[in-house]
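Q: I would like to go through this structure with you, starting with its overall make-up and then turning to how its parts pack. Could we begin?

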Amino acid sequence: MMKIFDLVLGEWIIVILCAMLIGFAKTGIASMGILVVTVFMMLFPARDSVGILLPLLIVGDLYAVTYYRKNVVWRYLFSLVPWVLIGIFLGYLVLDVVTSEQLKPIVGILVLALIGLHIGRDKLGDRFNDLLPQSRSFTITMGILAGFTTMIGNAAGGVMAIYLLVKGLPKQEFVGTGAWFFLFVNVIKIPFYIHLGIITSASIMFNIWLIPAILIGAYFGVKMLKIIPQRIFQYMVLGFAAIGAIRLIIG
């Protein structure tokens with residue numbers, strides 16, 4: 001792993017802002033997670049960035065499940081669990097054989113696909129839900145895809161957004177159920193990442209320095225969500241994420 005404490009001042013500022021954005025993403029503005037994934041992969045080697053990002057996400061998850069602890073629909077989570085575990089294992093196999101340079105375009109394409117899902121959802125509205133199957137096969141597909149995407153790039157936010165949207169959850173339950181899901185899968189990923197050597201003592205020390213920024217971002221995320229026009233904000237974030245994804249693909 002690169003010497004992550006050797007960042008220049010400008011890079012440190014970007015990392016701190018990303019840590020704050022993680023907090024924002026975990027407390028309501030989920031699309032920001034895509035942006036953070038792409039920025040971290042531009043700052044660090046792709047495989048290393050995945051391990052650096054995971055503990056930061058868990059800190060945000062803990063804040064989110066504390067704040068939304070009463071807003072969760074457990075049956076929608078339990079139905080996903082076995083399929084998510086399969087997806088996580090498949091992602092582990094991929095991470096074990098690919099290099100950082102090979103992983104970048106994979107995640108870049110994945111991010112663009114998730115952006116497409118977001119746009120499709122916004123454009124079609126209720127029709128989008130009607131076009132997606134409500135069957136067991138839909139749950140299986142979304143579970144495996146969520147597990148795989150979160151394992152290889154911490155990028156399952158778009159997948160879960162589609163899944164929970166189809167279930168028709170109110171806003172609070174939507175955010176709360178998603179928060180518990182990501183805490184569950186992110187904790188499961190820790191031993192895999194340690195075994196792959198992408199979570200190290202150095203990366204954990206780096207994470208510790210960024211915890212205050214995550215908590216600040218999470219706090220203001222809760223407050224700002226009530227006053228920011230979320231649709232406009234999401235399109236801005238998705239636009240920047242698309243630029244980042246294209247950068248990952250073309251190197």
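Q: How many helices and strands does the secondary structure of the protein come to?
A: The model, which is predicted, has 12 helices and zero strands. From the N terminus on, the elements therefore read α-α-α-α-α-α-α-α-α-α-α-α.

Q: What percentage of the residues count as buried?
A: Of the 251 residues of the protein, 53% count as buried.

Q: And what about contacts between residues at least 6 apart in sequence: what share join residues at least 24 apart?
A: That share is 86%.

Q: Turning to packing, how are two packed helices described?
A: Two values are used, the angle between the axes and the distance between them.

Q: What are those values for α1 and α2?
A: Helix α1 covers residues 9-26 and helix α2 covers residues 32-43. Their axes cross at roughly 155° and come within 9 Å. Because angles over 145 degrees count as roughly antiparallel, α1 is roughly antiparallel to α2.

Q: Is that crossing left-handed or right-handed?
A: The crossing of α1 and α2 is left-handed.

Q: Which residues make the contact?
A: From α1, the contact is made by Glu11, Ile14, Val15, Cys18, Leu21, Ile22, Phe24 and Ala25. Helix α2 contributes Met32, Gly33, Leu35, Val36, Val39, Phe40 and Leu43.

Q: How do they divide by class?
A: The contact of α1 with α2 has 13 nonpolar residues, one polar and one charged.

Q: Next pair: at what angle do α9 and α10 pack, and how far apart are their axes?
A: Helix α9 (residues 157-166) packs against helix α10 (residues 171-195) at about 135°, and the axes are 11 Å apart. That angle makes α9 oblique to α10.

Q: Left-handed or right-handed here?
A: The crossing of α9 and α10 is right-handed.

Q: Which residues meet there?
A: On the α9 side they are Gly157, Met160, Ala161, Leu164 and Leu165. These meet Phe174, Thr177, Gly178, Phe181 and Phe182 in α10. By class, this contact of α9 with α10 comprises seven nonpolar and three polar residues, with no charged ones.

Q: Changing topic, how many residues has α5, and what distance does it reach from its first C-alpha to its last?
A: Helix α5, residues 81-97, has 17 residues and reaches 25 Å. That is close to the 24 Å expected at 1.5 Å a residue.

Q: Which residues in α5 are buried?
A: In α5, the buried residues are Trp83, Val84, Gly87, Ile88, Gly91, Tyr92 and Leu95.

Technical notes. Residues numbered from 1 in each chain as written. Predicted model: local features only at pLDDT ≥ 70, side-chain atom pairs only at ≥ 80, totals over all residues. Heavy atoms only, no water. Axes fitted to C-alpha atoms, helices over the stretch in contact; angles between N-to-C directions. Helix = DSSP H or I, 4+ residues; strand = E, 2+ residues; numbered from the N terminus. Parallel < 35°, antiparallel > 145°, perpendicular 65-115°, else oblique. Left-handed = near helix turned anticlockwise from the far one by under 90°. Contact = heavy atoms within 4.5 Å. Nonpolar A, V, L, I, M, F, W, Y, C, P; charged D, E, K, R; others polar. Expected span 1.5 Å × (residues − 1). Buried < 20%, exposed > 50% of the residue type's maximum accessible area, 1.4 Å probe, protein only.
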